[in-house]
Amino acid sequence: MRALTRPNEPPLRFEVVRRLRDGVPEDLLGYLLRHRRWPAARTRWCTSDLKRGPVKRLITQLANEVYAAEPGRTRPVRILNCLGMRAAESHARAKRPPLRVDANGRREVTEWLPLHTWPTERVWARINAAGAEPHPAYAAGQSRASCVFCVLNGNRGELASAARLHPQLAQLYELAEWLIGHDFRADLAMRDVLAAAEVPLLPRDWPLEAIFQAAPAGTGTAVAIAVLRGELPVAQALAGATRS
Ligand code: SF4
């Protein structure tokens, strides 16, 4: 957690949510190696367990903080949850109401999609007018920037391009796919993505699972990438060492 301060504005609190398993962080690749099935359209544990669940936990925490600061409070805590989803992105998103309220006795959460009706051109015009710096994935030709390798991305060219931009991550995904014996998607394996991107496969005895078991909680992917880049010796990774 950190506070973002701007001149003449009150500090803005900034939080990054993470999935916790038994109280310790777990990242996507670690979850995959334990779960041994990729997420899919009907089993999107990536969204429910790694995004929505942690956000819900934060909302509960925020409400609890308000009640702790106001012991006599009887009104529900009101929270505005703004999301950047747009109708043009998918049928499912088009069907989402731009405003909906989820309330119980303790908190009232209003979910608001302020960009729901915006076409892509308007988003870029607004970014340019604000002088904001777009995510580098867009400059690299990606149409969207979310998970680097999204199981729902039907654009094979974009996945191959993502593998060229993030070859080590692609290699780890492919090795995980091989280890669990379940393809990234029913119609597309990560080995095909690597082949299209001309990224070599990792040796089958590359110690991905062992690194994950030894890595400090939630850091398995970062540690594995550090080993691939030669920034961390394998032995040190297997001993649970963290980068300084
Ligand atoms: S971007 Fe794709 S892979 Fe990532 S959480 Fe969403 S659906 Fe899952």
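Just after helix H10, glycine 230 takes a positive phi of about 80 degrees. Helices here are DSSP runs of H or I with at least four residues, strands are runs of E with at least two, and both are numbered from the N terminus. The structure is a predicted model, in which local features need pLDDT of at least 70 and side-chain atom pairs count only at pLDDT 80 or more, while totals for chains, interfaces and linings use all residues. Residues are numbered from 1 along each chain as its sequence is written.

The buried residues of H10 are Gly220, Thr221, Val223, Ala224, Ala226 and Val227. A residue is called buried if 20 or more other C-beta atoms lie within 10 Å of its own, exposed if 12 or fewer do, and partly exposed in between, with C-beta atoms placed from the backbone. These buried residues of H10 pack against H1, H7, H9 and helix H11 (234-238). Leaving aside residues up to four places away in sequence, valine 223 touches Ile211, Ala215, Leu232 and Ala237. Such a contact requires C-beta atoms, placed from the backbone, within 7 Å of each other.

## The nonpolar core

The largest nonpolar core has 28 residues, and those with the most contacts inside it are Ile211 and Val223. At least two residues of this core come from each of helix H1 (28-35), helix H6 (156-165), helix H7 (167-180), helix H8 (190-197), helix H9 (208-214) and helix H10 (220-228). H7 gives the largest share, five residues. A nonpolar core is a set of buried Ala, Val, Leu, Ile, Met, Phe, Trp, Tyr and Cys residues joined through C-beta atoms within 7 Å. In soluble globular proteins, nonpolar side chains tend to be buried together.

Tryptophan 206 is found in the loop between H8 and H9. Is this tryptophan 206 buried or partly exposed? Tryptophan 206 is partly exposed, because 19 other C-beta atoms lie within 10 Å.

Five bridges join S6 to strand S7 (residues 107-112), and the two run antiparallel. Strands are taken to pair if DSSP finds at least two bridges between them. A hairpin joins S6 to S7 through three residues. In S7, threonine 110 is the bridge partner of valine 101, and tryptophan 112 is the bridge partner of leucine 99. Of the five residues of strand S6 (residues 99-103), the number buried is zero, so S6 lies largely in the open.

Strand S5 (residues 77-82) is joined to S7 by six bridges, and these strands run parallel. Arginine 78 stands opposite glutamate 108 in S7.

## The ligand shell

Which residues surround the ligand? They are Pro39, Arg44, Cys46, Thr47, Lys51, Ser146, Cys147, Cys150, Val151 and Leu152.

The shell divides into six nonpolar, two polar and two charged residues. Ala, Val, Leu, Ile, Met, Phe, Trp, Tyr, Cys and Pro count as nonpolar, Asp, Glu, Lys and Arg as charged, and the others, Gly among them, as polar.

## The whole protein

The domain assignment gives domain 1 (16-54 + 136-244) and domain 2 (76-133); such bounds come from an automatic or database assignment. The centres of domain 1 and domain 2, taken over C-alpha atoms, are separated by 28 Å.

The secondary structure comes to 11 helices and seven strands. Of the 244 residues, 17% count as buried.

Terms used:
Contact = placed C-beta atoms within 7 Å. Near = placed C-beta within 6 Å.
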